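Hi,

Here is the structure I said I would pass on. Have a look at it first, and my notes follow below.

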Amino acid sequence: MANPGSSLGLGGNGGDLITVVAVGPGNPDMLTLQGRDALLKADLVIGFQTVLNVVRPWLENTEVRPMTYRDQEEVLQYAEGQSQRGKRCVVCCWGDLTVSASELLARVHRRAHNVELINGVSSIQVALSRAEISLEDTVFVTLHKRSDTTSDVEELAHYLKERRRHIVLLPRPYDLMPAAIATALLDSGIRDEVPVTVYQRLTLADEQCWTGSLRDCSEVEEDFSDLSIMVFRRC
Ligand SMILES: C[S@@+](CC[C@H](N)C(=O)[O-])C[C@H]1O[C@@H](n2cnc3c(N)ncnc32)[C@H](O)[C@@H]1O
């Protein structure tokens, strides 16, 4: 039985609360207990389909609305209306909500006065642990954004020349993937032999790790997964 209180009108959340649950890096076992609890109590759960797939086991008796980039505002508007009626509404996001999720968070904040945030495990944390490096020794750069990334690539080249810290990088599906990034870095004067590791589909059954030089990476012809993280270890 799910959703106690959902039929009691404003008995659900008191009105105007939306909870954001970060679901982790893909393996459902990595959802936090707090996140699972919020999902089990929810009347409505929304999110991108791939994200909802991770938490499917906990949504059996819950209204679920997948959204796409195109209709996300309409789905969020529906959630806003439901939350104002006292329904418990959850928006799911991938990984953790502190990493490359600010656009979705801003949209949620525009829809509710009260936003509860439930953290998850980020794919970045998993990549760091696979590479056995610490966050405090690392620079994080994301190209996973809509805006122009020219200055981010320049900044990345700067850090690579400096080599004071490891670099963890999110590519951008599908126009700025590892091979294209490697080519751009070579063009900006980074040496061919700089080692790079690409972690793909971390925590999922088909997780993979590719390692080679920057030049090798630029020449890879098969597609890397859209779930890829590049790691450049400092020397
Ligand atoms: C929009 S960002 C969101 C990151 C997410 N908030 C997090 O904390 O993991 C999505 C990007 O994260 C990376 N990513 C997310 N999950 C991953 C996984 N399981 N394995 C490898 N990369 C992953 C990929 O680069 C993907 O394109």
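A residue is called buried when its relative accessible area is under 20%. Please keep in mind that this is a predicted model.

With that cut-off, strand 2 (residues 44-48) comes out as mostly covered, since five of its five residues are buried. Strand 2 also has a partner: strand 3 (residues 63-67) pairs with strand 2 in the parallel sense, over five bridges. If you want a spot to look at in that pairing, find V45, which stands opposite V64 in strand 3.

Next, the helices. Helix 3 (residues 72-84) packs with helix 4 (residues 102-109) at an angle of about 40 degrees, and their axes are 10 Å apart. Angles from 35 to 65 degrees fall between roughly parallel and roughly perpendicular, so helix 3 and helix 4 are oblique to each other. Their crossing is right-handed. Which residues meet there? Helix 3 brings Q72, E73 and L76, and helix 4 brings L104, R107 and V108. Sorted by class, the contact of helix 3 with helix 4 has three nonpolar residues, two charged ones and one polar one.

Is Q200 buried or exposed? Its relative accessibility is 10%, so Q200 counts as buried. Setting aside neighbours within four places in sequence, the residues in contact with Q200 are E207, Q208, F224, S225, L227 and S228.

Happy browsing, and write back with any questions!

Best wishes

Notes: Residues numbered from 1 in each chain as written. Predicted model: local features only at pLDDT ≥ 70, side-chain atom pairs only at ≥ 80, totals over all residues. Heavy atoms only, no water. Axes fitted to C-alpha atoms, helices over the stretch in contact; angles between N-to-C directions. Helix = DSSP H or I, 4+ residues; strand = E, 2+ residues; numbered from the N terminus. Parallel < 35°, antiparallel > 145°, perpendicular 65-115°, else oblique. Left-handed = near helix turned anticlockwise from the far one by under 90°. Contact = heavy atoms within 4.5 Å. Nonpolar A, V, L, I, M, F, W, Y, C, P; charged D, E, K, R; others polar. Buried < 20%, exposed > 50% of the residue type's maximum accessible area, 1.4 Å probe, protein only. Pairing = 2+ DSSP bridges.
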